[in-house]
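User: Could you take me through this model, starting with the overall fold and then the packing inside?

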Amino acid sequence: MYTDGFSTSKRKTRQEKMINNIRYIMKHIPRALIYARLFIGVLILAGSIFHIAHYNIIAVLLFSLGLLTDIFDGIIARRMNISTQYLRRLDSTVDQVFFILVAAATFAECPQFFYANHVKLIILLSAEAAAYIICFLKFRKEVAIHAISSKIWTLVLFATLVQIMFTCNAGLLFQVCFYAGMLTRLEIIVIVILLRKWTNDVPSFYHAILLRQGKPIKRNKLFNG
């Protein structure tokens with residue numbers, strides 16, 4: 001009986017250690033995915049600079065992998081209840097750097113597209129910069145709104161960049177990307193202006209109004225908050 005009890009206790013201890021190890025690993029996965037996205041962006045840019053064989057296909061595959069890391073880092077963090085302000089701020093900053101790296105790589109491959117659409121690109125980038133500047137001046141922190149509309153625009157931006165990678169053109173898709181981008185940047189600016197204190201993961205400007213009134217908001221566990 002004593003031996004059986006000792007064996008059972010030992011087995012439970014091993015199981016608890018295994019569970020704790022799994023939890024420890026899971027807690028670090030979101031941050032690992034965020035930094036992996038940064039590394040993927042560097043790889044895409046390096047591939048463009050060094051003109052590697054089959055660059056377009058490799059770049060799109062890496063770009064897709066980077067987008068998946070962006071989707072799952074937040075989902076895992078929320079499921080593990082470790083979606084801290086620091087993690088969301090880091091995620092937002094790395095997102096920006098990642099897309100800048102991809103855009104730079106795409107420019108190196110298809111400069112004519114960027115020259116042809118430079119006015120709209122400057123306007124869009126200015127709107128993005130304005131959102132960050134307004135947020136920093138007001139709260140001394142970067143933007144980490146992660147609005148639902150911005151998530152949708154990210155998918156449109158992804159599709160646009162993929163088309164440019166393959167054809168050096170985007171046509172109608174670029175127009176949709178531009179106007180959707182402007183609307184979502186304006187929404188972010190409105191949200192920042194409405195907020196009384198810095199808050200991450202605000203699904204929409206309507207939710208910002210509720211927060212301004214001191215009312216609680218509901219966030220979707222899968223997509224936001």
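Analyst: The answers below go from the fold to the core and then to one helix pair. This is a predicted model, where local features need pLDDT of at least 70, side-chain atom pairs count only at pLDDT 80 or more, and totals for chains, interfaces and linings use all residues. Residues are numbered from 1 along each chain as its sequence is written, and side-chain values use heavy atoms, with hydrogens and water left out.

User: Which residues have the most contacts inside the largest nonpolar core?
Analyst: They are Ile44, Phe63 and Val102, in a core of 24 residues. Such a core is a set of buried (under 20% relative accessible area, 1.4 Å probe, protein chains only) Ala, Val, Leu, Ile, Met, Phe, Trp, Tyr and Cys residues joined through side-chain atoms within 4.5 Å.

User: Which helix gives the most to this core?
Analyst: Helix 6 does, with seven residues.

User: What does Phe63 touch?
Analyst: Leaving out residues up to four places away in sequence, its contacts (heavy atoms within 4.5 Å) include Ile44, Val102, Phe158 and Met165.

User: Now the helix pair: at what angle do helix 2 and helix 6 pack?
Analyst: The angle is about 170 degrees, with the axes 10 Å apart. Axes are lines fitted to C-alpha atoms over the stretch in contact, and angles run from 0 to 180 degrees between N-to-C directions. Helix 2 is therefore roughly antiparallel to helix 6, a term for angles over 145 degrees.

Methods:
Buried < 20%, exposed > 50% of the residue type's maximum accessible area, 1.4 Å probe, protein only. Helix = DSSP H or I, 4+ residues; strand = E, 2+ residues; numbered from the N terminus. Parallel < 35°, antiparallel > 145°, perpendicular 65-115°, else oblique.
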